[in-house]
Amino acid sequence: MDLEIFEYIDSVLELYRKKKDVYKLIAEEVKEFFEGELLAGSDYALSMVYRIKSEKSMREKLIRNGYTDKYDTPEELLARFQDIIGFRIECKFIDDEEVVYELLKNLFNQTEDGEYYYCASMPKVRLKLDDEQPQKQKNGFDIYKIDGLYLLGKESLHFELQIKALVNTFWGEIEHKIVYKNNAYLLADGLVTDLMVSIKKSLNMIDGQLFVLYNRFQRTEEREASEFEKEGTARQVERFLAKLVCDTFAELMQQQIGFTIDFKASCEAVVRYIMEINKVADMEDYGRVLLKTVDALDQIKEQQVRVDEQIELERKLYYEDIFSANILETVEQLINSSYKWHMLFLILFSLEKGDNVEDLESFIRFYRKAILSNRSFALLDQGGYGKARRIRFDILNAISEMVREKGKVEYLCEQGMAVIHRSINYVIPLVLAELEEGREWEEISTAYLNILRRRLEL
């Protein structure tokens, strides 16, 4: 049986195909407006180009960014999709980007809501000009990226407008194709980032640098030996195993649905769990788990495990407490409707053959144990406070409620765990200070649990 998420995506793409001609007309109209009002005779802006997302890109982004989790109908999803049409104003030099942005602000000088601005001669086109520009990208570099709206009767279409110098256009296209579109699991991701920075700062050597970067993906195996010496053995073995897992499922994903998403964090989370339940303590244990995992991956490839079919839970879930109830119900709700959640537990169940529910309950116990290992919980017990158990219980429940409310699988992975531990380490010392002053947990719990929830935001 196909996952519901893919049936939903198919209905979105069917509606998208019907509207694509309209999107093209809108794109041409907006382009013509900018060329007449902004580009004509300008010493800074050179040209304007646009692209309308392909069906393949739409399909990828729907899963990658979780759109299918947020909107109930295809109509609502397309109306809220951020960049079905992407426009780019190209200018000569990097310094000209700011000048063009100021020209835009002068042109779009009227507003009805203080957020989106429009030009009197073209009120259908609106730009969100209250955001700070330029924005910081994930790679640390600046980009002028503006959200836009095209009003179409009672409906509206979201689009994205970028301002880029020629050199940034060139560099951005290369980075997009090499880094953003490449989900291969790399053991030395930092090297890619450093090399891209070097390219950005050394444009006179860009051809040679890009050649090195392209070849970087073919030379992963050569680099692994030297990288192995730089990290601790335990961590490196985990990363190596996670790479094997990720490569296997990425290959299946590419074969079966035509593209891959970034699920490296899920692979690492599952491998860390496998290490824990196998009580790995020395190199002999690592070797044993490594061989077992490689054998399991060979079977997964041989059996062509499907990445686009529903996961069945064989029996009713058992809830040990409120914490496990919140997490398990979240998994049950999202495992076949959110592809990121689906992949994490598909990997887990494929590697740990047996009762899926038993493996799931075991994983949640491991997750709870990982949270309780935080050193700040020990401070509660050392202080001799009678309510230490209750405080620990309430904090655990608040974390599980946050996971359930936000529905982000990242909370089960390294990124989320780091946020959880930092939040606990921030809140518990504050609570201890209050208890030392004679306050009771019952009278301060609401305030501090709210602080905890705010700090848990991802």
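## Cysteines

C119 is tucked away from the probe: at 7% relative accessible area, this cysteine is buried (under 20%; exposed is over 50% and partly exposed lies in between, using a 1.4 Å probe and protein chains only). C246 is buried as well, at 1%. The closest cysteine sulfur to that of C246 sits in C267, 4.1 Å off, which is too far for a bond. Across the whole structure, the search turns up zero disulfides (a disulfide being a pair of cysteine sulfur atoms within 2.5 Å).

## About the model

Keep in mind that this is a predicted model: local features need pLDDT of at least 70, side-chain atom pairs count only at pLDDT 80 or more, and totals for chains, interfaces and linings use all residues. Residues are numbered from 1 along each chain as its sequence is written, and side-chain values use heavy atoms, leaving out hydrogens and water.

## Overall build

The protein has 19 helices and eight strands (DSSP runs numbered from the N terminus: H or I of at least four residues for helices, E of at least two for strands). Of its 458 residues, 49% count as buried.

Take contacts (heavy atoms within 4.5 Å) between residues at least 6 apart in sequence: 72% of them join residues at least 24 apart.

## A helix pair

Helices α13 (residues 322–334) and α17 (residues 388–406) pack with axes 8 Å apart, at an angle of about 10 degrees (axes are lines fitted to C-alpha atoms over the stretch in contact, and angles run from 0 to 180 degrees between N-to-C directions). So α13 is roughly parallel to α17 (angles under 35 degrees; over 145 is roughly antiparallel, 65 to 115 roughly perpendicular, the rest oblique). Residues making the contact include I322 and F323 of α13 and F393 and L396 of α17.
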